[in-house]
Amino acid sequence: MSKLSLATGIALLSTGLLAGAFGYGAVNVAATFDVVPLDVRLTFHTALMQRNGVVMQSAMALAAISSLALAFLSRERPRQLAGVATALVVTSFLVARFGNVPINGRIKVWAATSAPADHAAILDQWETYNVIRTIAALTAFVLVIAVSRMKVADRVLTPARQMSRPA
């Protein structure tokens, strides 16, 4: 197995897991937050973030590193797409780190005490950040899929191109 094939496989797996985790969270968990009582949301949110931190950070790191490796090992259009995928994974990390995580810290305090009067606006802001990081991760996954399909097409077309060359 070539380095390029390995990088492609790991990038597909890691960006897919990242997009899937964020997607599930956006479609199911965040939507559920909106229909349960505030105290339940705060308690569950706090517990989820305690478990989620290491898993999501690891997924984001692996997705970024493997997408970057894919970019370095690729050429032309696939390199550009893999580079954009890397930037999108980094964007999802930065949005999470500087958007969601600080709000998670506030939510942890609210779960132990009480939520402030403007809690709804802050929770809406958390959800906006969640949508942004989810879209970034999903788009990165789609781009890595596109790169992998280009690689397959190259392998199929390359022998045909070589046979059609004049001797």
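Two residues are in contact when they have heavy atoms within 4.5 Å of each other. With that definition, start with the whole chain: in the protein, 80% of the contacts with a separation of 6 or more are between residues 24 or more positions apart.

The model is predicted, so local features need pLDDT of at least 70 and side-chain atom pairs count only at pLDDT 80 or more, while totals for chains, interfaces and linings use all residues. Residues are numbered from 1 along each chain as its sequence is written, and side-chain values use heavy atoms, with hydrogens and water left out.

**The whole protein**

Show the chain as a cartoon. The protein has four helices and zero strands, and its elements run α-α-α-α from the N terminus. Helices (H or I, at least four residues) and strands (E, at least two) are DSSP runs, numbered from the N terminus.

Of the 167 residues, 35% are buried. Buried means under 20% relative accessible area, exposed over 50%, and partly exposed in between (1.4 Å probe, protein chains only).

**First stop: Ala11**

Select Ala11, in helix H1. Is Ala11 buried or exposed? Its relative accessibility is 0%, so Ala11 counts as buried. Apart from neighbours within four places in sequence, Ala11 is in contact with Gly16, Ser66, Ser67, Leu70 and Val144. Next select Ile145: its C-alpha is 9.0 Å from that of Ala11, although the two residues are 134 residues apart in sequence.

**Second stop: the aromatic residues**

A search of the whole structure finds two aromatic pairs. Rings of Phe, Tyr and Trp (its six-membered ring) pair if their centres lie within 6.5 Å; planes under 30 degrees apart count as stacked, over 60 as edge-to-face and the rest as tilted. Select Phe33 and Phe44: their ring centres are 6.0 Å apart and their planes stand at 70 degrees, so this pair is edge-to-face. The pair links distant parts of the chain, with Phe33 in helix H1 (residues 3-33) and Phe44 in helix H2 (residues 38-73), 11 residues apart.

Phe33 counts as buried because its relative accessibility is 5%, whereas Phe44, at 43%, counts as partly exposed.

Select residues 76-112, which make up helix H3. This helix has 37 residues and reaches 53 Å from its first C-alpha to its last, close to the 54 Å expected at 1.5 Å a residue. The expected span is 1.5 Å times one less than the number of residues.

Go to Glu76, in helix H3. Glu76 has a positive phi of about 55 degrees although it is not a glycine. Glu76 is exposed, with a relative accessible area of 66%.

Where is the kink in H3 centred? It is centred on Ala96 and amounts to about 35 degrees. The bend at a residue is the angle between axes fitted to the seven residues ending there and the seven starting there.

**Last stop: Ala137**

Select Ala137 in helix H4 (residues 119-164). At 1% relative accessibility, Ala137 counts as buried. Leaving aside neighbours within four places in sequence, its contacts are Thr15, Leu18, Ala19, Phe22 and Ser92. Finally, select Thr86: the C-alpha atoms of Ala137 and Thr86 are separated by 9.6 Å, and the residues are 51 residues apart along the chain.
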